[in-house]
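Please prepare a briefing on the structure shown below, grouped by topic.

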Amino acid sequence: MGKVLGGDGYGQLSEIVEGMTWAADTQDADVVSMSLGVAPQDGTELMDQAVDSLSQSTGALFVVAAGNDGGAARTINSPGTAASALTVGAVDGDDQLASFSSRGPLLPDGAVKPDITAPGVNIVAARAPGTSEGTPVDDRYTSMSGTSMATPHVAGVAALLKQKHPSWSGAQLKAAIIGSAKDVGRTSYETGAGRVQADKAIDQTVTASPATLSFDRQDDTAQQATKAITYTNTGSAPVTLALAAAVNGPSGQPLPSGSVQLSATSLTIAAGQTGQVNLTLSTAAGAKGLYTGHVTATAGNQAVRTAVGLEKSKPIRTVAFHVVGRDGAPLTGDRTLTVASNDDASQTPAEYTIRGGGTLNLPEGSYTFALEGDTTDDPERLGFDPEQIMAVMPQYQVQGDADVTFDVRQMKPVAVGTPAASLQVAATPAWRRAAPGLRCAAGRSSSRTRPRCTCCRPRSPSPWARSRSACEASGSRTRWASPRARPASRAATWNPTAKARTAATPR
């Protein structure tokens, strides 16, 4: 067992990646269980890259908690956003989706996540001496909820499966576990293929690749796309599969039969061989939203489920972001960019780390863009209390490819002081963007996201509750100054004085 988080449940990304490398490479672990995560990312997060790289180089299977930010789409935590990860959501004892369980699709491409679910509500587990997390049952056990409590169930199934098939790779283990899941009646973006079934995963002889079928994101024109599923028969006798596909549109109603077509409804595969079937989805123009469903292959007591997902949106545009310092030169250090849709308040704001600049592919529409970070890359000018950027463009209309520039020269300083130098305060600058029906549709405090355990307790099912806490409970007053070149935005440089400290709010 490797410990990568501190006693407060938080840690550094570099330390987590070091622990992942130690487990998969140094210790040659076949299965790595990770009950931790950071806010939803774009798939380029450091931990995502590490999961994919280590999975490929070592053959290990990383079983990762989806996160406890449920209640809205696009809330899968990193590294559960990694393509190679077996990402686990949570259900209760009645196979009902846990309200806190994070949901897909993934931010950059609309891909399907989580892959599967497992029991994660009121799970009784060993209690460390002297701790009080969860609801203690006695001196040795406590009851807790979270996707972190669901993840070890799946990791255990993977270990049992590896014991039966020592030569299998992590990808093969993942396919067998996903394909043997039980249908729990939810969409593929909520529960993936369904709920894990240990007995089925171990006994079934047929697997599917890819284990999850993502048609990714399409624009809102009429589209037709085809994806292939390859079935492998690992048994000692031929098997004949009966194939069926069902996909629901954004309204939740099934698509017409002509819109969902399999190239075959029956497939016979010899022992040790493979067979392929194609799934073609046809969608109408203007039918934006999430399309979810499953392809099911049955043979006797075997049933192989493949989750299907597709997202249709407005035309995708390339938006380039630039950060310019006081000297007019690009700032190349790490800064946090927040992107929130003004057209769909159900979408959780996404955070990205940019180094001087970067590009995103975004559907056309109205957005809030916000930037936070140091005003300079010069370590000699940072000082003990560095001046900080908090720049917000609350109503940016993306209608085509665009360039967005945050220029420190166009921002005005805002200082917070105390009556006396000996009087110390904690001040948290914050911003929020209101939307109809929501008190705080998008917002951030100046605290930075850190990876944390995803089991200590379910975080608020509403992503706006966290934003509201940052906006309203900080006890600070935030003053804004409009930059001259873009009157629709709000920007400020933040510089606490009189030894003031920034109060961090864990997420």
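**Helix H3**

In helix H3, the buried residues are Thr147, Ser148, Met149, Ala150, Thr151, Val154, Ala155, Val157, Ala158, Leu161 and Lys162; buried means under 20% relative accessible area, exposed over 50%, and partly exposed in between, with a 1.4 Å probe and protein chains only. The model is predicted, so local features need pLDDT of at least 70 and side-chain atom pairs count only at pLDDT 80 or more, while totals for chains, interfaces and linings use all residues. Residues are numbered from 1 along each chain as its sequence is written, and side-chain values use heavy atoms, with hydrogens and water left out.

- Helix H3 covers residues 147-164, and its 18 residues should span 26 Å at 1.5 Å a residue; the expected span is 1.5 Å times one less than the number of residues.
- The end C-alpha atoms of H3 are 26 Å apart, which agrees with that expectation.
- Helices (H or I, at least four residues) and strands (E, at least two) are DSSP runs, numbered from the N terminus.

**The sheet of E6, E8 and E7**

- Three strands form an open sheet in the order E6-E8-E7, with antiparallel pairing; two strands pair if DSSP finds at least two bridges between them.
- Strands E6 and E7 (135-136) are the edge strands, each pairing on one side only.
- E6 and E8 run antiparallel and are joined by 4 bridges; Ala125 has Thr142 in E8 as its bridge partner.
- E7 pairs with strand E8 (residues 141-144) in the antiparallel sense over 2 bridges.
- Thr135 has Ser143 in E8 as its bridge partner, and Pro136 stands opposite Thr142 in E8.
- A hairpin is formed by E7 and E8, with 4 residues between them.

**Surface patch**

- Val124, Val137 and Tyr141 make a nonpolar surface patch of about 290 Å².
- Val124 belongs to strand E6 (residues 123-126).
- Patches are made of residues with over 30% relative accessible area and no salt bridge, with like charges joined within 9 Å and nonpolar side chains (Val, Leu, Ile, Met, Phe, Trp, Tyr) within 5 Å.
- Accessible areas come from the Shrake-Rupley method with a 1.4 Å probe, and for residues only the protein chains shown count as cover; a salt bridge is a side-chain nitrogen of Lys or Arg within 4 Å of a carboxyl oxygen of Asp or Glu.

**Aromatic pairs and cluster**

- The count comes to 3 aromatic pairs, where rings of Phe, Tyr and Trp (its six-membered ring) pair if their centres lie within 6.5 Å; planes under 30 degrees apart count as stacked, over 60 as edge-to-face and the rest as tilted.
- Tyr367 and Phe369 form a stacked pair, 5.8 Å centre to centre with 10° between the planes.
- Tyr367 counts as buried because its relative accessibility is 7%, and Phe369 counts as buried at 0%.
- Phe369 and Tyr396 form a tilted pair, 5.4 Å centre to centre with 45° between the planes.
- Phe369 lies in strand E22 (residues 365-374) and Tyr396 in strand E23 (residues 388-398), so this pair ties together parts that are 27 residues apart in sequence.
- Both Phe369 and Tyr396 are buried.
- One aromatic cluster is formed by Phe321, Tyr367, Phe369 and Tyr396.

**Ala370 in E22**

- Ala370 is placed in strand E22 and counts as buried because its relative accessibility is 1%.
- Ala370 and Val339 are 31 residues apart in sequence and 6.7 Å apart in space, C-alpha to C-alpha.
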